Amino acid sequence: MISLLFAAAVFTASQGSAVEVNVPDEPHVKSVKVVWQKKSVPAFHADGAWRTILGVDLDAPAGEHAAEALLTMEDGRVEHREIAVNVEAKKYPTSRLNVDEKFVELSKADLARSEREAKEIDSIYDRITTDIVPDEPFTDPIPGVGGTNFGERRIFNGEPRSPHSGADLHAAAGTPVHATNRGRVVLAKNLFFTGNTVLLDHGFGIYSLYAHLSRIDVKDGEMVQSGQVVGLVGATGRVTAPHLHWAMRVQGARVNPFSLVRGR
Ligand SMILES: [Zn+2]
């Protein structure tokens, strides 16, 4: 007879979304990590369970993926508990755009700059810090303004490009942009593609990025509160009109930023 007690807990998420997982607390557990997509993601203790948020990348294959919770006990033993994430397929639309050739055919100097900046950002996304705990709700950076084009497969001037890894929020230039949650500023500067850019570390591998700002109101290393203004909507970098490009990464996975906001 198969005991339900030992059935793995299954969490469901669609491609390109964040998913909350929880592991029931047990006596004498000191800490918990969840191994997911080869990454070791720490969990925090809240409301009688060990909780964390996992990222399911836009291009993660659909189907059930095994994950594992590692429970470190007070005596140092490590216990294993099986969990799984059921990834549901999600179809994203394709869009064709014509953009200034300058951004498609890059000069040597621009190419070198954009590659250097991409590396710098990727190395930030690789870090999983734990001094900030993401146990408060994530909120809209521009209250009430949504964005629907996360995940769009894009063709620029006839050439396929990587899918749109954020959501575009349309608002007038100068509209304040608020931090989606408390965090630490890990980048605040002008980048080739995203213009004036702010990147926040929310802990446990969760990062938010705000791009094309007309003005940056925070400094590298600064701690920001949830809702604090980090800058103003603008049209810096590769854009045709003022808007906020808002992106979130969860352990490096590209997720719809709105998938972290409850009630959406
Ligand atoms: Zn965008």
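Modeller: Two strands count as a pair if DSSP finds at least two bridges between them. Keep that rule in mind for this predicted model.

Biologist: What makes β13 and β19 a pair?

Modeller: Three bridges join β13, residues 176–178, to β19, residues 229–232. At least two are needed, so the two strands pair. They run antiparallel. Across from His 178 stands Val 229 of β19.

Biologist: How do you know that β17 pairs with β19?

Modeller: Two bridges join β17, residues 215–216, to β19. The rule asks for at least two, so this pair qualifies. The run is antiparallel here. Arg 215 has Leu 232 as its bridge partner in β19.

Biologist: Which strands make up the open sheet, and in what order?

Modeller: Five strands, ordered β1-β8-β7-β3-β4, with mixed pairing. Neighbouring strands are turned by 30° against each other on average, direction ignored.

Biologist: Why are β1 and β4 called edge strands?

Modeller: Each of them pairs on one side only. β1 covers residues 9–14 and β4 covers 39–42. Four bridges tie β4 to β3, residues 29–36, and these two run antiparallel. In that pairing, Val 35 stands opposite Ser 40 of β4.

Biologist: Now the metal. What makes a residue here a donor of the zinc ion?

Modeller: A donor atom is N, O or S within 2.8 Å of this metal. His 164 (NE2), Asp 168 (OD) and His 245 (ND1) lie 2.1 to 2.2 Å from the zinc ion. Those distances fall within the cut-off, so they are its protein donors. Their spacing in sequence is H-x3-D-x76-H. Water is not among the atoms, so the site may look incomplete.

Biologist: Why is His 164 called buried?

Modeller: Buried means under 20% relative accessible area. His 164 has 5%, so it is buried. Asp 168, at 12%, counts as buried too.

Biologist: How do you know whether the length of α2 agrees with its residue count?

Modeller: α2 runs over residues 108–125, which is 18 residues. At 1.5 Å a residue it should span 26 Å. Its end C-alpha atoms are 26 Å apart, so the length agrees.

Biologist: Is Gly 147 buried or exposed, and what does it touch?

Modeller: Its relative accessible area is 15%, under the 20% limit, so Gly 147 is buried. Gly 147 lies in the loop between α2 and β10 (153–156). Beyond its sequence neighbours up to four places away, Gly 147 touches Ala 167, Asp 168, Leu 169 and Phe 258. Gly 147 and Ala 167 are 20 residues apart in sequence and 5.2 Å apart, C-alpha to C-alpha.

Biologist: Why is Asp 220 called exposed?

Modeller: Exposed means over 50%. Asp 220 has 56%, so it counts as exposed. Its place is the loop between β17 and β18 (223–224). Asp 220 still contacts Val 185, Val 186, Leu 187 and Ala 188, leaving aside neighbours within four places in sequence. From the C-alpha of Asp 220 to that of Leu 199, 21 residues away along the chain, the separation is 9.0 Å.

Note on methods:
Residues numbered from 1 in each chain as written. Predicted model: local features only at pLDDT ≥ 70, side-chain atom pairs only at ≥ 80, totals over all residues. Heavy atoms only, no water. Donors = N, O, S within 2.8 Å, 3.2 Å for Na, K, Ca; no water. Buried < 20%, exposed > 50% of the residue type's maximum accessible area, 1.4 Å probe, protein only. Axes fitted to C-alpha atoms, helices over the stretch in contact; angles between N-to-C directions. Expected span 1.5 Å × (residues − 1). Contact = heavy atoms within 4.5 Å.
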